[in-house]
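The sequence and structure are shown first.

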Amino acid sequence: MTKRHVSLPAEAEDGVGEFIDYVDERLSSDEDTCRVVQDVLVDLFGDREAYERWQDGGDVSPAERVRLQGYDPCNATLESEYYAEKDEERFEESKYLQWLWRQFDATPMADNVEFALRFRRMLADHLFADCGDGCRFFKGITFTYGHNIAVGDNVVVHDDVHLDDRGQLTVGDRVSISDGVHVYSHDHDIVDQTEVRNYHTIIEDDARVTYDSMVSAGTRVGTNAVVGARAVVQGDVPDHHIAVGMPAKSVRVKPGWDAVAEPLDAGGENRKESRRLDYDLPEDLDVFDEFGRDRSPPK
């Protein structure tokens with residue numbers, strides 16, 4: 001079964017195309033990204049009159065001031081901003097673009113699918129390390145940074161997906177990631193949870209990761225493989241395998257692919273350490289332990 005084509009009325013189509021091109025051109029220019037994001041959000045939320053009044057020194061309530069300041073990503077913090085090992089230079093730019101992506105999803109226009117898919121696809125070109133042609137990104141997708149994600153052609157990412165790129169995330173061509181999926185590229189030491197290890201997580205061409213499943217850091221979902229609903233992938237899923245359960249286990253090979261697929265008992269091998277990404281921290285880094293626990297084992 002194929003999907004049917006849906007289009008906007010001509011007048012709406014003209015407006016959508018003009019707006020997306022306008023934002024794309026400004027983000028592609030030498031203009032300050034923070035300023036571009038602020039302008040776009042002020043207009044998308046219909047707050048231009050209040051914003052101009054505030055800029056001109058007019059009276060605004062404390063709530064209005066916080067709201068108007070919040071359109072500027074320089075006045076916001078994200079969770080990933082606290083991560084000690086992040087690339088500060090790359091994060092500065094990706095933070096602004098991620099703020100625009102997230103706040104766009106809070107506007108009514110985010111539910112206008114034909115507009116929203118194209119707007120996010122344009123943003124992905126600026127935010128991701130690489131984004132192929134024909135990709136579709138639905139509502140509520142979140143990232144750690146965005147700049148450590150590479151996505152191939154004709155990828156579909158559905159609602160409420162988390163793509164963690166604290167390490168590195170590579171998604172191949174024609175991949176489908178269903179609603180509620182979490183894909184990770186970092187984990188924590190089991191004793192000292194403040195010790196973070198980053199990995200390269202890979203979802204190969206033509207794979208399907210179905211709803212509410214989790215792909216753990218450093219794993220590989222093979223070409224043409226399927227991860228079943230609510231599965232937890234803790235080891236590699238070989239090409240053409242169907243893996244289900246917690247932890248996910250290969251239960252069958254996709255029909256017609258037996259001749260080229262590895263045997264079922266090849267599934268689940270943990271190769272994450274071969275995909276570990278090392279990093280260095282500055283010696284003068286000002287850090288804090290939010291837990292303050294004594295991690296010494298009892299004597």
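## Largest pocket

The largest pocket holds about 950 Å³ of space. The model is a predicted one. Its largest pocket has a lining of 34 residues, and those nearest the centre are Tyr82, Tyr83, Ala84, Arg166 and Glu290.

At least two lining residues come from each of H5, strand E3 (142–143) and strand E10 (186–188). H5 contributes the most to this lining, with three residues. Sorted by class, the lining of the largest pocket comprises 14 nonpolar, nine polar and 11 charged residues.

## Second largest pocket

The volume of the second largest pocket is about 420 Å³. Its lining consists of 13 residues, with His5, Val6, Glu114, Leu117 and Arg136 nearest the centre. Helix H6 (residues 113–127) provides the largest share of this lining, five residues. By class, six of the lining residues are nonpolar, one is polar and six are charged.

## Disulfide and other cysteines

One disulfide is counted in the model. The bond joins Cys34 to Cys74, with an S to S distance of 2.2 Å. Cys34 belongs to helix H2 (residues 33–44), while Cys74 sits in the loop between helix H4 (62–70) and helix H5 (88–104), so the pair ties together parts that are 40 residues apart in sequence. Cys34 is buried, at 4% relative accessibility, whereas Cys74 is partly exposed, at 43%.

Cys131 is buried, with a relative accessible area of 8%, and Cys135 is buried at 6%.

Conventions
Residues are numbered from 1 along each chain as its sequence is written. This is a predicted model: local features need pLDDT of at least 70, side-chain atom pairs count only at pLDDT 80 or more; totals for chains, interfaces and linings use all residues. Side-chain values use heavy atoms; hydrogens and water are left out. A disulfide is a pair of cysteine sulfur atoms within 2.5 Å. Helices (H or I, at least four residues) and strands (E, at least two) are DSSP runs, numbered from the N terminus. Buried means under 20% relative accessible area, exposed over 50%, partly exposed in between (1.4 Å probe, protein chains only). On a 1 Å grid over the protein atoms alone, a cavity is a set of points where a 1.4 Å probe fits but cannot get out, and a pocket is an open set with protein on both sides within 12 Å along at least five of seven lines; lining residues have an atom within 4 Å of a point. Grid points are joined across faces, edges and corners, and a volume is the space filled by probe spheres set on the points. Ala, Val, Leu, Ile, Met, Phe, Trp, Tyr, Cys and Pro count as nonpolar, Asp, Glu, Lys and Arg as charged, and the others, Gly among them, as polar.
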